[in-house]
Amino acid sequence: MMTSVDTDLIRVLADPLRLRIVTLLAQETLCTTHLVEETGAKQTNLSNHLKVLREAGVVETEPCGRFTYYRLKPDVIVSLAGQFADLAEAARATAESNAKRSCP
């Protein structure tokens with residue numbers, strides 16, 4: 001049973017703007033212009049956050065003329081959700097067994 005969670009990915013998603021971007025991309029594939037409109041962020045700031053998400057493997061790009069569209073990679077989110085589910089199951093089993101480490 002896995003009880004660790006990908007902390008690097010958690011750090012990437014912990015930023016409120018990046019989490020907002022991920023939430024928007026979960027609903028549809030968008031270009032930077034759409035994301036600027038939806039988030040109200042400056043284009044340069046948004047591009048930096050998209051670079052972090054791309055490098056972390058959370059989003060992928062699709063060139064379309066002079067625009068670049070961004071798409072969420074659902075397998076990354078599914079994997080993270082599975083890690084949290086494993087962690088919750090371990091916590092549930094520990095709570096039910098009332099297991100405690102002895103103090104020296």
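Ala-93 lies in helix H5, where helices (H or I, at least four residues) and strands (E, at least two) are DSSP runs numbered from the N terminus. The model is predicted, so local features need pLDDT of at least 70 and side-chain atom pairs count only at pLDDT 80 or more, while totals for chains, interfaces and linings use all residues. Residues are numbered from 1 along each chain as its sequence is written, and side-chain values use heavy atoms, with hydrogens and water left out.

**The nonpolar core**

- The largest nonpolar core contains 21 residues; such a core is a set of buried Ala, Val, Leu, Ile, Met, Phe, Trp, Tyr and Cys residues joined through side-chain atoms within 4.5 Å.
- Two or more residues each are given to this core by helix H1 (7-14), helix H2 (16-27), helix H4 (43-55), strand S3 (67-72) and helix H5 (74-97).
- H2 supplies the largest share of this core, 5 residues.
- Ile-21, Leu-25, Leu-35, Leu-53 and Val-58 have the most contacts inside the core.
- Apart from its neighbours within four places in sequence, Leu-53 is in contact (heavy atoms within 4.5 Å) with Val-12, Leu-13, Arg-18, Ile-21, Val-22, Val-58 and Val-59.
- In soluble globular proteins, nonpolar side chains tend to be buried together.

**Helices H1 and H2**

- The axes of H1 and H2, which are lines fitted to C-alpha atoms over the stretch in contact, come within 5 Å and cross at roughly 90°.
- H1 is therefore roughly perpendicular to H2, a term for angles of 65 to 115 degrees on a scale from 0 to 180 degrees between N-to-C directions.
- Arg-11, Val-12, Leu-13 and Ala-14 of H1 meet Pro-16, Arg-18, Leu-19 and Val-22 of H2.
- The residues of this contact comprise 6 nonpolar, no polar and 2 charged; Ala, Val, Leu, Ile, Met, Phe, Trp, Tyr, Cys and Pro count as nonpolar, Asp, Glu, Lys and Arg as charged, and the others, Gly among them, as polar.
- Pro-16 counts as exposed because its relative accessibility is 65%, and exposed means over 50% (1.4 Å probe, protein chains only).

**Helix H5**

- The 24 residues of H5 should span 34 Å at 1.5 Å a residue, and this agrees with the 35 Å between its end C-alpha atoms; the expected span is 1.5 Å times one less than the number of residues.
- Val-76, Leu-80, Gln-83 and Ala-90 of H5 are buried, meaning under 20% relative accessible area.
- H1 is included in what covers the buried residues of H5.
- Ala-93 counts as partly exposed at 36% relative accessibility, which is between the buried and exposed limits.
- Asn-98, which follows H5, has a positive phi, near 55°.

How values were computed:
Angles under 35 degrees count as roughly parallel, over 145 as roughly antiparallel, 65 to 115 as roughly perpendicular and the rest as oblique.
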